[in-house]
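Here's a quick briefing to read alongside the picture. Have the structure open and follow along as we go from the whole chain down to a few single residues.

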Amino acid sequence: MSEGEVESATAALRDLSKNSRSRVLAYFRGVRGSKVLSENVWKGIVAKFKDYDPENTICVEILSPDIQTP
């Protein structure tokens, strides 16, 4: 990652963390091998977090260069 990307990510995390009650769930979409979750499994995990605390759950998908959209 470039220095600019690190700075941008750090700033974004600070913005997400302003509300200390929020839970941030991040998922790196560019994983390889058997670590990949299917779209249905991922949506199920997100739904469980949002069911538990819908107002304070923030989901972030971290994209890799080969995946341009969530």
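Starting at the N terminus, the elements of the protein chain come in the order α-β-α-β, which gives two helices and two strands. Helices (H or I, at least four residues) and strands (E, at least two) are DSSP runs, numbered from the N terminus. This is a predicted model, where local features need pLDDT of at least 70, side-chain atom pairs count only at pLDDT 80 or more, and totals for chains, interfaces and linings use all residues. Residues are numbered from 1 along each chain as its sequence is written, and side-chain values use heavy atoms, with hydrogens and water left out.

**How confident is the model?**
- The average pLDDT of the protein chain is 77, and 76% of the residues score at least 70; pLDDT is the predictor's confidence in each residue, from 0 to 100.
- Confidence is lowest in strand β1 (residues 23–28), with a mean of 78, while α2 is highest at 85.

**The whole chain**
- The protein chain has 70 residues, and 14% of them count as buried (buried is under 20% relative accessible area, exposed is over 50%, and partly exposed is in between, with a 1.4 Å probe and protein chains only).
- Take the contacts with a separation of 6 or more: 65% of them are between residues 24 or more positions apart (contact means heavy atoms within 4.5 Å).

- You'll find Leu16 in helix α1 (residues 3–17), and it counts as partly exposed because its relative accessible area is 26%.
- Setting aside neighbours within four places in sequence, Leu16 touches Ser22, Val24, Ile58 and Val60.
- Leu16 and Val60 sit 44 residues apart in sequence, with 9.8 Å between their C-alpha atoms.

**Two residues in one loop**
- Asn56 lies in the loop between α2 (39–52) and β2 (57–62), and Glu55 is in the loop between α2 and β2 too.
- Asn56 is buried because its relative accessible area is 9%, whereas Glu55 counts as exposed because its relative accessibility is 74%.
- The Asn56 side chain makes a polar contact with the side chain of Asp53 at 3.2 Å (a pair of N or O atoms within 3.5 Å; within protein, one must be able to donate a hydrogen and the other to accept it, and residues adjacent in sequence count only if both atoms are side-chain atoms).
- Glu55 and Arg23 are 32 residues apart along the chain, and their C-alpha atoms are separated by 9.6 Å.
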